[in-house]
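Please examine the structure shown below.

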Amino acid sequence: QVQVVESGGGLVEPGGSLRLSCAASGRFDSINRMAWYRRAPGTERESVALITRAGSTDYADSVKVRITISRDNGRNTVAMQRNNLKPEDTDVYYCNVATITGGRSDDVWGQGTQVTVSS
């Protein structure tokens, strides 16, 4: 059983910053991709940022100048630094982890953390 837990969400004023963290624990051999998604009520999840085990990153065009993703392979954690937040960044953010166990890849989702950008 693999658990993925996010932390760091909350209320922030426009122009502010926030750091979301995610930790994976449980039984797996390694973690391949780690990513952050966002979802507004009634919509599909959309990718915000991802990072491979080797450290290659990819960001959504709408946020790439205001975001940095990083990971610690030794601790099985991933973090996302969001800067210059705007009201349209308000959403539930989900951590997604691609674990490798015995040659099999599994996608594991966290429960999500709410980010609200408002004055």
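Strand 3 (residues 18-26) pairs with strand 8 (residues 77-82) in the antiparallel sense over 6 bridges; strands are DSSP runs of E with at least two residues, numbered from the N terminus, and two of them pair if DSSP finds at least two bridges between them. Within this pairing, Ser-21 stands opposite Ala-79. Strand 8 is also joined by 6 bridges to strand 7 (residues 67-72), again antiparallel, and here Ile-69 has Met-80 as its bridge partner.

This is a predicted model, in which local features need pLDDT of at least 70, side-chain atom pairs count only at pLDDT 80 or more, and totals for chains, interfaces and linings use all residues. Residues are numbered from 1 along each chain as its sequence is written, and side-chain values use heavy atoms, with hydrogens and water left out.

Met-80 also belongs to the largest nonpolar core, which has 28 residues; Trp-36, Val-78, Met-80 and Val-97 touch the most other members. Such a core is a set of buried Ala, Val, Leu, Ile, Met, Phe, Trp, Tyr and Cys residues joined through side-chain atoms within 4.5 Å, where buried means under 20% relative accessible area, exposed over 50% and partly exposed in between (1.4 Å probe, protein chains only). Strand 3 gives the most to this core, with 4 residues.

Which residue lies over the face of Tyr-94? Arg-45 does, at 4.4 Å from the ring centre, and its charged end also sits over the ring of Trp-109, 4.0 Å from the centre. The criterion is that NZ of Lys or CZ of Arg is within 6 Å of the ring centre and within 35 degrees of the ring normal. Trp-109 counts as partly exposed, at 32% relative accessibility, whereas Tyr-37 counts as buried, at 19%.
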